[in-house]
Amino acid sequence: MNRKQSLSLTLRLTTLRLTKIRAGMVACALLLALSAVASATPDKKDKAVGRLLFGKVLDPQDNPLPDAVVYVTNTRTRAVKTYIVGPDGTYRFPALSSAVDYEVYAQYNGHKSDTKSVSQFDDRSQVYVDLKVNTR
């Protein structure tokens, strides 16, 4: 191999090494950029999952009505969820969709409260609704 061929081979090897180094640097830069984007996007675990609807079932004198049944209806699918309140009259429906309207009412010993609505346009993540049942 003459000197000219040797220099040409050395030049090609140097160019190849520089290309590999540049490719490695580009890959590192991409990894760094992707990790920055991934850390900027919040995890789904960090987001509140849906909406919480909670409140109390009360008589006209604001006394709790234990064992009343609360009904929540998804107005889109007409699916109904129920909750039997405890001694303090409280109920809670976690993880309701914030993109759907709901209707909620309570029943106690054959008496029914007024039906209340929870709108999808209400942007609160927690909605408190008292339901009054006339027991007379």
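**Entry 1: Val 129**

I looked up Val 129 and found it buried, with a relative accessible area of 11%, where buried means under 20%, exposed means over 50% and partly exposed lies in between, with a 1.4 Å probe and protein chains only. The model I am reading is predicted, so local features need pLDDT of at least 70 and side-chain atom pairs count only at pLDDT 80 or more, while totals for chains, interfaces and linings use all residues. Residues are numbered from 1 along each chain as its sequence is written, and side-chain values use heavy atoms, with hydrogens and water left out.

I placed Val 129 in the loop between strand 8 and strand 9 (131-132); strands here are DSSP runs of E with at least two residues, and helices are runs of H or I with at least four, numbered from the N terminus. Leaving out residues up to four places away in sequence, I found Val 129 touching Leu 53, Phe 54, Gly 55, Lys 56, Tyr 91, Val 104 and Lys 116, where contact means heavy atoms within 4.5 Å.

**Entry 2: the core**

I then turned to the largest nonpolar core, which has 19 residues, and those with the most contacts inside it are Leu 53, Val 57, Val 70, Tyr 91 and Val 104. Such a core is a set of buried Ala, Val, Leu, Ile, Met, Phe, Trp, Tyr and Cys residues joined through side-chain atoms within 4.5 Å. Strand 1, strand 2, strand 4 (90-96) and strand 5 are the elements that give two or more residues to this core.

**Entry 3: strand 5 and its partners**

I followed strand 5 next, and noted that it pairs with strand 2 in the antiparallel sense over six bridges, given that two strands pair if DSSP finds at least two bridges between them. Three bridges join strand 5 to strand 7, again antiparallel, and two bridges join strand 5 to strand 6, which also run antiparallel. Val 104 in strand 5 stands opposite Val 72, and Lys 116 in strand 7 is also a bridge partner of Val 104. Tyr 108 stands opposite His 111 in strand 6, and in the hairpin of strand 5 and strand 6, with two residues between the strands, Asn 109 takes a positive phi near 50 degrees.

**Entry 4: aromatic rings**

How many aromatic pairs does a search of the whole structure find? I noted four, where rings of Phe, Tyr and Trp (its six-membered ring) pair if their centres lie within 6.5 Å, with planes under 30 degrees apart called stacked, over 60 edge-to-face and the rest tilted. Phe 54 and Tyr 128 are edge-to-face, 5.1 Å centre to centre with 75 degrees between the planes. Phe 54 lies in strand 1 (residues 51-58) and Tyr 128 in strand 8 (residues 126-128), so this pair ties together parts that are 74 residues apart in sequence. I found Phe 54 partly exposed at 25%, and Tyr 128 partly exposed at 40% relative accessibility.

Tyr 71 and Tyr 105 are stacked, 5.0 Å centre to centre and 15 degrees between the planes, and they link strand 2 (residues 69-74) with strand 5 (residues 102-108), 34 residues apart. I also noted the charged end of Lys 112 over the ring of Tyr 105, 4.4 Å from its centre; a charge sits over a ring if NZ of Lys or CZ of Arg is within 6 Å of the ring centre and within 35 degrees of the ring normal.
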